[in-house]
Amino acid sequence: TITPPIDIHDGPDGLTLEADLPGATESSLVIQLEHNVLSLDARIDASAPEAARPIHQEYQLGDYHRSFILSDDIDRERITAELKNGVLKIHLPKADRARARRIEIKS
């Protein structure tokens, strides 16, 4: 199992998680949320042509796994994911209670 490299960015609307998953497809990738744990799993098949032998390989081929514990500040119902060119982006929006807001003053 390979632990994919991950970048996490904090924005005004929430967190964006970016994972490099070369060779992953929508059908080979499973994203699961259970008991505050977000898990990423992907099964990767070797893509070398039949009867060919690799002579140089830049990255490891294998199955990917990574998991994260989410805080209560994340709105679990609005999590979205997009996979494009081997890069997975997961948007973890902040729950309304976690967003900064201005309090109106009444006089």
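## Contacts along the chain

In this predicted model, residues 24 or more positions apart account for 54% of the contacts with a separation of 6 or more, where contact means heavy atoms within 4.5 Å.

## Fold and extent

The protein has seven strands and zero helices, both taken as DSSP runs numbered from the N terminus, with at least two residues (E) for a strand and at least four (H or I) for a helix. The radius of gyration, taken over C-alpha atoms, is 18 Å, well over the 13 Å that the globule rule (2.2 Å times the number of residues to the power 0.38) gives for 107 residues, so the protein is more spread out than a compact globule. Along the principal axes, the C-alpha atoms fill a box of roughly 80 × 25 × 20 Å.

## Burial

Of the 107 residues, 25% are buried, that is, under 20% relative accessible area with a 1.4 Å probe and protein chains only.

## Serine 28

Serine 28 lies in the loop between strand E2 (14-20) and strand E3 (29-34), and is buried, with a relative accessible area of 17%. The side chain of serine 28 reaches the backbone nitrogen of threonine 25 at 2.9 Å. Beyond its neighbours within four places in sequence, serine 28 is in contact with Asp41, Ala42, Arg43 and Ile44.

## Basis of the values

Residues are numbered from 1 along each chain as its sequence is written, and side-chain values use heavy atoms, leaving out hydrogens and water. Local features need pLDDT of at least 70 and side-chain atom pairs count only at pLDDT 80 or more, whereas totals for chains, interfaces and linings use all residues.

Key:
Buried < 20%, exposed > 50% of the residue type's maximum accessible area, 1.4 Å probe, protein only. Polar contact = N/O pair within 3.5 Å; in protein donor to acceptor, adjacent residues only side chain to side chain.
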